[in-house]
Amino acid sequence: MIYLDYAANTPIEKEVLDTYYQATMKYFANPNASHTLGLQAKEVIDQTTKHIAEQLHVLPEEIIYTSGASEANNLAIKGILERYKHRGKHVLISPLEHHSILSSLTKMQENGFIVEMIPLKEDGQVNVEKMKSMIQEDTILVSVCSVDSELGIRQPIEEIGEVLKDYKYCFFHSDASQAIGKVAIDYQNVDLITIAPHKFYGMLGTGMLIKKKKVGLKTQIDGGKSTTVFRSGTPELAHIVSMEKAFENSIPIMCSYLFVSIAYGVMMNEAGFAWYVALLVSFLIYTGAFQFLLITLLSGGTSLLTIGVTALLMNSRQLIYSLSFIDVFNKMKQKWYMIFTMTDETYAVNCNLEDQDKEQVMFYVALFSRCYWLIGSVLGAVLGHLIPFDLTGIDFCMTALFIIIFMDQLEKNKDHFPAVVGIVIAIICLIVFGSQNFMLPSLIISSMILLVKQGGTSYE
């Protein structure tokens, strides 16, 4: 069975689970205790919280650890309404909110709070202009999820925040469970943010509420002081440090494929191609470097034969990648799909996978990486059509990406022969054939040398 319900729950990454195990075994003492082991555990939590805060661009004291997104939403909704009920009892929400928010507000309606739904536009986003007209003097909370969990609609959080920042006692909450680790959103003007690590390869039973420093809350769980006065209970150190690990692992995925493919989509639009052309090319070809080059080839009226030969030669490195994993691919039902989807990025990830469940992990890496690329291509093409862009220097993004990948592999792999061959042959061909014609011969010669050298060995 192929599992696609990642919006509900993602499988935990082995590295995250290892982090949890190591933290549980090493730091088992109560972080609230005053003895040595307790103080050591508290120090780990403090350092982890500081690191998470840096990644989220918030203050460490603004982080409240919870048992999950549902508790975080309950704390945000009930906590803010009970704390500021003397200021007003009017609440605005989108119709797409999670049940934990709707149920919390139903409970608060029994105490006299009035809840209104902000109308949606045809594209599923909340109508910000309508929202402005619905704000009253006694409106104390607006809650809009960052990304809808059913349809994947991204809401205009930045725009809503700009509107609400001028209302001193109208606070803005956003359930970012479906956004963090997937899309970049500016939460500068959001007062309360819900986060769930199990949506980005973290652990169940872990959550977080970001509460900006200026905001007060009525606590919902009474007890002794923990990592914060707003949520009592013994801190779960292992959950917290595993959450940090999940954050680290999700950020590079989002920052590579998504942004590069958006750049590609923008350039396709600039060249006069519709969004569905960008999607079709990404679906059928799916090699970033050649897709960028293809824009120039198609715009210049290059023959299909030339384009085909160029694609074969430019993407010949994928043959080397696939050969290095041929034994693994032969064990998989998705053998031909894996060969087709092997890219520089997926190769780099697959080279560093553990042996346990390697085939399954490799398939998911290929599948979701391709989804990132397809989504980014369409998004870039649409954005390029709606918003004018100055594309000066944008074509350098692929060069920068390849340099990063090259340096990463050079550092991780002991065998530097392929790298040396590539550099030396490229320089020789550059001198012999010139800057306009060196790429194809350098690819051909390098591939032949590596094929001969490789024999039956692997460059994993």
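In this predicted model, residues 24 or more positions apart account for 70% of the contacts in the protein chain with a separation of 6 or more. The chain has 18 helices and seven strands. Of its 460 residues, 48% count as buried. Its accessible surface comes to about 23,500 Å², and carbon and sulfur atoms hold 61% of that.

Now for the sheet. Seven strands make up an open sheet, and reading across it you get the order β1-β7-β6-β5-β4-β2-β3, with mixed pairing. At the edges sit β1 and β3, each of which pairs on one side only. From one strand to the next, the twist averages 20 degrees. Let's zoom in on one pair: β4 and β5 run in the parallel sense and share three bridges. Follow S143 across and you'll find its bridge partner in β5, H173.

Helix α2 packs on this sheet, touching β1, β6 and β7. The direction of α2 makes about 115 degrees with that of β1.

Here's where to look for some of these pieces:

| Element | Residues |
|---|---|
| β1 | 63-66 |
| β3 | 114-117 |
| β6 | 192-195 |
| β7 | 207-211 |

Next up is helix α6, residues 157-164. Which residues of α6 are buried? They are I157, I160, G161, V163 and L164. Looking down the axis of α6, you'd see its buried residues fall within an arc of 160 degrees, so they line one face of the helix. The general idea is that an α-helix has 3.6 residues a turn, so residues three or four places apart point the same way. The cover over the buried residues of α6 includes α5 (128-134), β4 (139-143) and β5 (171-175).

Conventions: Residues numbered from 1 in each chain as written. Predicted model: local features only at pLDDT ≥ 70, side-chain atom pairs only at ≥ 80, totals over all residues. Heavy atoms only, no water. Helix = DSSP H or I, 4+ residues; strand = E, 2+ residues; numbered from the N terminus. Buried < 20%, exposed > 50% of the residue type's maximum accessible area, 1.4 Å probe, protein only. Contact = heavy atoms within 4.5 Å. Areas by Shrake-Rupley, 256 points an atom, 1.4 Å probe, with all protein chains shown as cover. Arc of directions from axis to C-beta. Pairing = 2+ DSSP bridges. Axes fitted to C-alpha atoms, helices over the stretch in contact; angles between N-to-C directions.
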